[in-house]
Amino acid sequence: MNSTPALLNRILLTLLGLILLGAGVLLLLLAAVPPVASWWHSWSAGLWSGINRLFDATRFPGRPESWLWIVVALALLALMGLMVAWIAQQGKGRSNLLAAEYDPGDTPGDVRIGGGVAEQALRHALEGRPDLAGATVTTYDVKGSPALKVRLLPRQGVAPHLLAVEVAGLLDAMEAVVGKEIPVLIHIGAGARTRFSRAERVR
């Protein structure tokens, strides 16, 4: 429900995992297979020599420094900027506003109901239930409109569809109090405390 780039995160995690796996396999081969160690020493020596020649060929006139260090520094700054932008995209979509309407009554003005009202009310209604191992309620902004995500962790032996119906009744009562229909995602999941397969229901 939020705008976290899940696909990009999975791609980056996959690439990072493959890189770490490759490094681990290479280290294992270097330690256990002598031909691989010999190949690595010859290959790395040639690579290091080529890098040194490249830096020697790109020195500033009359100075020992290479202008490639400036390129490396700019590349690292660009990488840092991309990492900051990527981190800033995580978890976006949370909202503190549940409903907002203009009231043209005796005292015209905007009426706003914070997302914490629904979150606290639903959490209070769900806490202490013997059929739940845990419950969280979060407000999101989906395409400019507020929406709720209710995540439930039922205990073993509880029918997820019956639990979803009961929670839907609580949500209907909340909408009657708020006076506005709010999109809700009921997420019934499994965790360390439950053994149910995941089920989701969108209202």
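Predicted model: local features only at pLDDT ≥ 70, side-chain atom pairs only at ≥ 80, totals over all residues.
**View 1. N9 is a buried residue of helix 1.** N9 has a relative accessible area of 14% and is therefore buried, a word that stands for under 20% relative accessible area, with exposed meaning over 50% and partly exposed in between (1.4 Å probe, protein chains only). The helix around N9 is helix 1, spanning residues 6–32; helices here are DSSP runs of H or I with at least four residues, strands are runs of E with at least two, and both are numbered from the N terminus. Residues are numbered from 1 along each chain as its sequence is written, and side-chain values use heavy atoms, with hydrogens and water left out.

View 2. Strand 3 (residues 132–142) and strand 4 (residues 145–154) run antiparallel and are joined by ten bridges; two strands pair if DSSP finds at least two bridges between them. D141 has P146 of strand 4 as its bridge partner. Two residues lie between the strands, and K143 in this turn has a positive phi of about 55°.

**View 3. R129, D131 and E166 belong to one salt-bridge network.** What makes a salt bridge here? A side-chain nitrogen of Lys or Arg lies within 4 Å of a carboxyl oxygen of Asp or Glu. R129 meets D131 at 2.8 Å, N to O, and both residues are buried. R129 also meets E166, at 2.4 Å from N to O. This second pair links distant parts of the chain, 37 residues apart: E166 sits in helix 5 (residues 160–178), and R129 in the loop between helix 4 (115–126) and strand 3. R129 counts as buried because its relative accessibility is 19%, whereas E166, at 41%, is partly exposed.

**View 4. R63 and E65 form another salt bridge.** Their closest N and O atoms are 3.2 Å apart. E65 has a relative accessible area of 35%, so E65 is partly exposed. The structure holds four salt bridges.
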